[in-house]
Amino acid sequence: MMRFLYDLGILIYGLLLRVFALFNAKAKLLLNGRKDLLQRIEQTVEKDQEYIWFHFASLGEFEQGRAVMEQIKIRYPNEKIIVTFFSPSGYEIRKNTALADYVFYLPADTPRNSRRFLDLINPKFAVFTKYEYWYHYFKELNKRKIRLLMISAIFREDQVFFKQYGGFFRSILKNVSFFFTQNNESVHMLKWIGITNAGLAGDTRFDRVVELPKQHKDIPEVQRFVGKDSVLVAGSTWQPDEILLKDLLEKNKDLKAIIAPHEIHQEHIDQILKLFPHALLFSKFNTYTDQQIAASRQLIIDNIGMLSSLYYYGRIAYIGGGFGVGIHNTLEAATYGMPVIFGPKYEKFQEAIDLLEIGAGFSIANEKELNEVYQALSNSEKLLKASLAAKNYVQQRSGATQIIMKYLETEKLLNKV
């Protein structure tokens, strides 16, 4: 029965996608990206090759797999990698990544698609991240005796796998060859449902972000805007976040803010400019006069790809998404030794919970709480303590990638040059 409902859900999702694509840009991108997808894969992918298949839900999950792909490319340059994304926000930004030989959307999870896709890409093993579980792909990989690894996996008690009615979903997990988990709790929860092929590795994102301060790009325009002032960097913001920031900046006239919204389509940029009518746009920065730059206290980043370098210029970070489905990446800011502030929707993110516990993270629910946190961090001693805690947290948790690479090498899953 559950299998029937699952397949029905996939079918209904495909039908709804066609409807939403009429007025939603993301849905349209996904619909167009999936059009004749298997045919395009057949025409594009080089035959008679074995590929390592990495699948990511979106951009955040790509960052979790990135360090592993980088190590494979460095140590085993002859290996071929195919990357798939479920979300347009991941595919559109990383479709030209040098880490992969081919990048595609993931075809819908149906029996026919899973068989044909695996026939076309001929994976030697597959790597999924965090919590992407697709019944037909997992079953077909297992049927073909192709190793399937979950990296940076994390489980919570409220997930369907651990419910009395979750037998069908537990059967999906049993197709996984090995789980590399973010925490010990996840290992114990898997054991509780009879899955013992799991071990603690940590979150692979730490291996990526720990290197960011050494690799940050100098951005002269941002340096000119910042000058010697105190700056808050707001990353991956949505409108509820930006409304809070407006209130904070009105109450703290000495504070500057760099705002890098999660979505940079014109409608959203216009919404931000209504909140901050005197803000500067990064794309137009070189057209502003010295007087305009000196007078403005907000810089809006209307492009994608700069955020990990922007944190270099700030003292405090605000991470968006906490008033929606969940906060975005806190680690890219923490690695620079920045206290991170975020909204109330953080419970699914272990690193946010950890940062709160050590005094490097601060969750707020409204304008009043945001201002209180900012005022507390205006104390240089408290700011220094939170900053050191954030930086040490990232540095002490790197190493997951090496654990995974050791497994791949011990199991002889990678070809020597």
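**Reading burial, charge pairs and backbone angles**

Guide: R94 has a relative accessibility of 23% and therefore counts as partly exposed, a value that, like the others discussed here, comes from a predicted model.

Visitor: How should I read charged side chains, and with which residue does E63 form a salt bridge?

Guide: As a general idea, side chains of opposite charge can pair when their charged atoms come close. Here E63 pairs with R94, and their closest N and O atoms lie 3.4 Å apart. This pair connects distant parts of the chain, since E63 belongs to helix 4 (residues 59–75) and R94 to helix 5 (residues 88–94), 31 residues apart. E63 counts as buried because its relative accessibility is 8%, where the cut-off for burial is under 20%. Both residues also belong to a network of salt bridges that links E63, R66, E70, R94 and R208.

Visitor: How many salt bridges does the structure hold, and which parts of the chain does the pair of E42 and R116 link?

Guide: The structure holds 24 salt bridges. In one of them, E42 meets R116 with the closest N and O atoms 3.0 Å apart, and this pair links helix 3 (residues 37–44), which holds E42, to helix 6, which holds R116, across 74 residues. E42, at 38% relative accessibility, counts as partly exposed, and R116, at 26%, does as well.

Visitor: Which residues form the positive surface patch?

Guide: The positive patch is made by R112, R115, K139 and K143, with helix 6 (111–121) and helix 7 each supplying at least two of its residues. R112, which sits in helix 6, is exposed, because its relative accessible area is 52% and the cut-off is over 50%.

Visitor: How many residues are in the largest nonpolar core?

Guide: In soluble globular proteins, nonpolar side chains tend to be buried together. The largest nonpolar core here has 76 residues, and those with the most contacts inside it are W53, F54, Y133, F155, F179 and L408. A second, separate core has 68 residues, including F282, I341, V373 and A389.

Visitor: What is phi of K130 near, and is K130 buried or exposed?

Guide: Most residues other than glycine have a negative phi, and most peptide bonds are trans. K130, by contrast, has a positive phi, near 60°; K130 lies in the loop between strand 4 (123–129) and helix 7 (135–143) and, at 5% relative accessibility, counts as buried. Another positive value occurs at S236, whose phi is near 55°. S236 is found in strand 8 (residues 231–237) and is buried, with a relative accessible area of 13%.

Note on methods
Residues numbered from 1 in each chain as written. Predicted model: local features only at pLDDT ≥ 70, side-chain atom pairs only at ≥ 80, totals over all residues. Heavy atoms only, no water. Core = buried A, V, L, I, M, F, W, Y, C linked by side-chain atoms within 4.5 Å. Buried < 20%, exposed > 50% of the residue type's maximum accessible area, 1.4 Å probe, protein only. Helix = DSSP H or I, 4+ residues; strand = E, 2+ residues; numbered from the N terminus. Patch = residues over 30% accessible without salt bridge, like charges linked within 9 Å, V, L, I, M, F, W, Y side chains within 5 Å. Areas by Shrake-Rupley, 256 points an atom, 1.4 Å probe, with all protein chains shown as cover. Salt bridge = Lys/Arg side-chain N within 4 Å of Asp/Glu carboxyl O. Lys, Arg positive; Asp, Glu negative; His and termini not counted. Charge placed at Lys NZ, Arg CZ, Asp CG, Glu CD.
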